[in-house]
Amino acid sequence: MSRWRIIGLAGGVAAVVAVLVLVFSGGDASHAVPEGGSSFRTPTSAHRPTPGTGLLDALAPVLDQGQEPAPATSAAPAGTETTPGVAPDKPSGGLPTTPARAAARLFLVGFGGHDPGRPVLKRLGLHEWGGVVLEPGNGVSPQQVAGLVGSIRGAAQRARHLAPLIAASQLGGQLDAVPIGSPAQSQIADARTAQASALAVAKVLRTLGIRMVLAPAADIGVAGGPWAGLAYSDDPSAVSALAAAAVAGFKQGQVAPAPGHFPGEGGASGDPVLEQATVGLSLDELRKADLRPFTALAEHAPAIQLSAASYLAFDGVTPATLLPEVVALLRHDLGFNGVVVSGDLQAASLGTGQPVPDLAVQAIKAGCDLVWIPGDATDQDAAWRAVVRALRTGEIPAARAAEALRRVSLLRAQYGVR
């Protein structure tokens with residue numbers, strides 16, 4: 001990666017500058033950023049604009065940090081999309097920053113199959129996506145995944161984008177995106193084994209270029225629920241201990257864990273990825289069971305993923321990943337200050353009947369820092385356009401976008417994404 005010219009920030013944010021320099025300069029962040037959730041204890045107001053500040057003013061401390069102007073003769077990357085009403089992405093080396101780039105960095109995207117081919121790689125290079133998630137079906141072997149990660153990073157590099165955060169859905173056994181023979185969560189009986197297994201997985205994934213896992217599942221294996229036979233246990237205390245141990249193992253192996261699915265899917269009426277699902281528990285009932293593992297994880301996990309199920313404890317209709325009240329419960333009640341990852345927005349669309357682009361805007365407004373859309377490129381592009389418009393019009397407040405980008409930048413620095 002080329003070295004970036006550092007643009008200084010105003011006084012009073014020097015600590016944040018040091019972190020962001022590591023993000024974009026390629027320096028070794030592991031020695032400068034505290035491990036685990038502690039690195040996210042920065043006050044959320046650090047980059048909050050003063051009243052009347054515009055979008056670019058609010059985003060500049062995050063997006064422009066370390067940027068180097070592109071040569072005057074440089075052309076736009078091949079395949080750059082031109083969309084009516086939305087300006088195309090500018091190369092990440094160009095100034096000024098744009099809402100198009102800001103919007104793209106708020107997304108985790110996926111694709112189908114184990115060989116993306118040139119068309120998919122070209123599409124991945126159209127925007128400076130925040131990250132790419134590998135799911136079961138993408139990986140055939142560790143060697144194939146290494147080549148796949150290299151191709152994804154190469155597409156971003158050719159477009160002069162920041163390297164995307166490569167993540168994997170890695171819940172063990174048949175639920176692994178990268179098939180490396182790890183045990184299913186339901187086969188792990190004690191905390192020592194949970195931590196050792198997660199560490200072993202992390203060591204392999206990191207050598208392949210993967211820096212984040214959508215794991216472990218901190219859901220309770222309630223009989224008849226979607227996680228029965230898949231979760232660590234049907235006992236909230238056991239799930240709390242084993243999930244916390246797995247998070248520690250992933251972090252020890254320098255791969256960021258994003259346990260899910262907050263506020264807990266154990267009692268859901270079905271699998272929200274496959275059907276409209278509701279958790280018919282009150283908030284008090286959730287606190288006694290499903291929320292206990294997340295309470296144990298909130299101080300230590302660098303990221304947490306929300307559920308696409310709806311909850312009687314809230315309005316009983318809207319998926320949790322779209323509700324500000326759910327994010328407030330996680331942040332204010334549990335004290336979580338890491339990256340909030342949305343649930344599968346295609347699953348949320350299945351549950352609500354609303355289009356994915358609308359849900360992407362709602363999820364970011366609700367407090368999600370990264371929104372996840374699996375393999376539908378049409379949905380991904382349409383959602384990107386919707387978020388760009390929402391940033392330009394102020395529907396998504398500039399402070400909300402800057403806050404999300406700051407958290408993601410800290411995560412990238414901590415886990416060496418460069």
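**The largest cavity and its surroundings**

Analyst: The lining of the largest cavity splits into ten nonpolar residues, five polar and one charged. On that scale, Ala, Val, Leu, Ile, Met, Phe, Trp, Tyr, Cys and Pro are nonpolar, Asp, Glu, Lys and Arg are charged, and the others, Gly among them, are polar. Before going on, a caveat: this is a predicted model, so local features need pLDDT of at least 70 and side-chain atom pairs count only at pLDDT 80 or more, while totals for chains, interfaces and linings use all residues. Residues are numbered from 1 along each chain as its sequence is written, and side-chain values use heavy atoms, with hydrogens and water left out.

The volume of the largest cavity comes out at about 130 Å³. Of its 16 lining residues, Gln170, Gly172, Pro183, Ser197 and Phe250 are the closest to the centre. Two elements give two or more residues each to this lining: helix H6 (191-207) and helix H7 (236-252). H6 has the largest share, with four residues. Helices (H or I, at least four residues) and strands (E, at least two) are DSSP runs, numbered from the N terminus.

Here is how the space was found. Rolling a probe the size of a water molecule over the atoms shows where empty space is left. On a 1 Å grid over the protein atoms alone, a cavity is a set of points where a 1.4 Å probe fits but cannot get out; a pocket is an open set with protein on both sides within 12 Å along at least five of seven lines, and lining residues have an atom within 4 Å of a point. Grid points are joined across faces, edges and corners, and the volume is the space filled by probe spheres set on those points.

Searching the whole structure turns up four cavities of 30 Å³ or more. Helix H14 (398-414) supplies the largest share here, four residues. By class, this second lining has six nonpolar, two polar and three charged residues.

As for open space, the largest pocket contains about 500 Å³. It is lined by 22 residues, with Ser169, Leu171, Trp227, His261 and Val273 nearest its centre. Its lining counts 13 nonpolar, five polar and four charged residues.

Now for the packing. Ile152, in helix H5 (residues 142-158), counts as buried because its relative accessibility is 2%. Leaving out neighbours within four places in sequence, Ile152 is in contact (heavy atoms within 4.5 Å) with Phe111, Leu121, Leu124, Val132, Leu134, Pro164 and Ile166.

Pro226, in the loop between strand S4 (212-213) and H7, is buried too, because its relative accessible area is 18%. Its C-alpha atom is 5.1 Å from that of Asp271, 45 residues away along the chain. Not counting residues up to four places away, Pro226 touches Glu265, Gly266, Ala268, Gly270 and Asp271.

Helix H10 (residues 324-333) has Val326, Val327, Leu329, Leu330 and Arg331 buried. After H10 comes Gly335, with a positive phi near 75°.

Finally, the sheet. The chain has 14 helices and ten strands, and eight strands form an open sheet in the order S5-S4-S3-S2-S1-S10-S9-S7, with parallel pairing. Two strands pair if DSSP finds at least two bridges between them. Three bridges join S1 (residues 107-109) to S10 (residues 370-373), running parallel, and Phe107 has Val371 as its bridge partner in S10. Helix H13 (residues 377-393) packs on the sheet, touching S1 and S10, and its direction makes about 175° with that of S1. For that angle, axes are lines fitted to C-alpha atoms (for helices over the stretch in contact), and angles run from 0 to 180 degrees between N-to-C directions.

Technical notes. Buried < 20%, exposed > 50% of the residue type's maximum accessible area, 1.4 Å probe, protein only.
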